[in-house]
Amino acid sequence: MRDNAVISPAPGVTQPLVKMVNIHKSYGGVTALNGVDFVVGNNEIVGLIGDNGAGKSTLIKVLTGVEKQGEGKIYWKGKEIEKHTVENSRNMGIETVFQDRALAEKQNIWRNLFMGREMTYGRTGFIKVEESKKEAINLLKKMIGFTQSGLTPNLGVMGLSGGEKQGIAIARALYFDAELIILDEPTNNLSISETNKVLNFVKWAKEQGKSCIFITHSIYHVYSVAERFVVLDRGNTVGEFLKKDISLDGLVEKLEYVAKHGVLA
Amino acid sequence: MLEKIKLKIIESRLQLSILGVLIIVFVLFAIGNPRTFLSYRIYYAFMSTIPFAAILALSLTPVVILGEMDLSFPSVMGFCAWAFAAVFNQTSNIYTAFVVSLAVGLIAGFINSVLIVRVGIPSLVVTIGMMFLWRGLVMIASGGLGLSLVKTQGTILYKALVGRIGGEVPAQAVWAVAIAVLYGLILNRHRFGAHVLYSGDDAVSAKMMGVNVERVKTIVFMQVGVCAAFAGILVTLEVLYFWPSTGEGYLMKSLASVFIGGTTVFGGTGTIFGTFIGAIIMGSLEAGIVSSGISGFWTQFIFGLVIVLSLTIYAYMSKRLSLGRGLIRSIKSLFGRVEK
């Protein structure tokens, strides 16, 4: 039972950037996704909302190639993706800021920034260490507004604050000039000012013509930046709203109802 | 400029401290027996014996960085040495023997990696099994008998592997240094080395960022096999004889070299330079102790002391505590006065 069964991007958006159709995924006997449809338009900010265990992170893992779906198809710019791996999703232009930030904590900042996509001298595989460090410092200073003095790209990630770690994860998405940036619970455990930085980043991404999926279970943050909200519950899409059609209070009300009943009224 | 030097020192404090330990050990040797340790002969001896354990230790370093373990390498080394000697005795062609032996090492490493990566058996456990299995195969294949390799003398490969360069420098020392330089470059400057670090640090994150952790592990275990074979060939050529016990005695020494070098069992960090220095320390202690006039009975005790002391230094370093402050704190805590 869909409240609003439009599997379509917001008005004014033509060709969708990503289209996921009828995605199923289960772990052992537990169904995590039960036929989910999900669409992101060009230059669209979508809020993916749902309680813990709704299947948000699983959906993203399927989209980014970390996990393989049991059933269903994924289209990128209208073309079906055949062999989906993390590497090829990053090459297509999908960057993810994962919930646990996907950092290697004992490695230093520059190594974390380029993890999985090192700057190398062509096909020799040897890393351009000096250039990577320079690029790292530029990124962190200019784009994330890292102002902490004494910050060097050789610093280990382990000692950084939550906001700084999130900054690195976001800088990574920035550097590779992704068309679709996925933020999985990006404001978890962040202070108010750090949260604002993340929200500003999403607004900046919109201005740059990028698309964004903002995943969260706290809708207060996402409401201010997203244009469309997709609600997941227990592996199903239960609702889809355009921001212009629903107030923050209205959305909260709907979510509370979903949490109780598993469907929308 | 001064800042930069300071930073460099902080960054490489691990390497500097192991270098410090090496210097201290050799200064003590030189004081204990200046006649031996101020002449070239002893260093010549070290250069001919240390490379075998050093090459093994170098190949184990990425394994430890991955947070894994390999205990099968001494037996793989034994079996590859047998393959080398047996093929040479059959064909009289040292090149065929060399290639076959390395290939056997590669396959042994591949079998380990399949059992660890695909089947999912913890490496510590499965390599104990493989340790017995390969040693058993050496015994079955050789019938417990050695094989002579005297006829390899005079071949170019023999000279290239264990000859004496200019009559003075054992070739195996050059090989060990070359492998150390290559491994250092790969670990610190190559994409593959970076992937080893990521995989050992946080395999889940590495996977999410597109690192093929399984492939990395497979290659790392395979190179241990190849290095074990290479060390096996070197050691049999050096003594011109294959013994069925070839490889025994290298297990603890090689692993200890990795650990006193500063690579930790927790994975994610490690140093090739440290391992290389560690191997020199482990390989020279015994000769140093004996020639310093200390009774040979002290050897094991001093081995243990060096290992435990260096590990203690690293543990405090990783906590960013000075050794002195750390020790004072430990002593205070004994008396129940713990400060925050």
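The face of H8(A) turned away from its buried side carries the exposed residues A:Asp249, A:Glu256, A:Lys260 and A:His261. The model is predicted: local features need pLDDT of at least 70, side-chain atom pairs count only at pLDDT 80 or more, and totals for chains, interfaces and linings use all residues. Residues are numbered from 1 along each chain as its sequence is written, with chains lettered from A and ligands numbered from 1 in the order in which they are written.

Buried positions in H8(A) are A:Leu251, A:Lys254, A:Leu255 and A:Val258. They cover an arc of only 100 degrees around the axis, so they sit on the same side of H8(A). The arc is that of the directions from the helix axis to the C-beta atoms. An α-helix has 3.6 residues a turn, so residues three or four places apart point the same way. The buried residues pack against strand S3 (45–49), helix H7 (219–223), strand S9 (228–233) and strand S10 (236–242) of chain A. Contact requires C-beta atoms within 7 Å. Helices (H or I, at least four residues) and strands (E, at least two) are DSSP runs, numbered from the N terminus. A:Gly262 follows H8(A), with a positive phi near 80 degrees.

The largest nonpolar core has 161 residues. Such a core joins buried Ala, Val, Leu, Ile, Met, Phe, Trp, Tyr and Cys residues through C-beta atoms within 7 Å. Helix H12 (residues 213–239) of chain B gives the most to this core, 15 residues.

Key: A residue is buried if 20 or more other C-beta atoms lie within 10 Å of its own, exposed if 12 or fewer, and partly exposed in between; C-beta atoms are placed from the backbone. Two residues are in contact if their C-beta atoms, placed from the backbone, lie within 7 Å.
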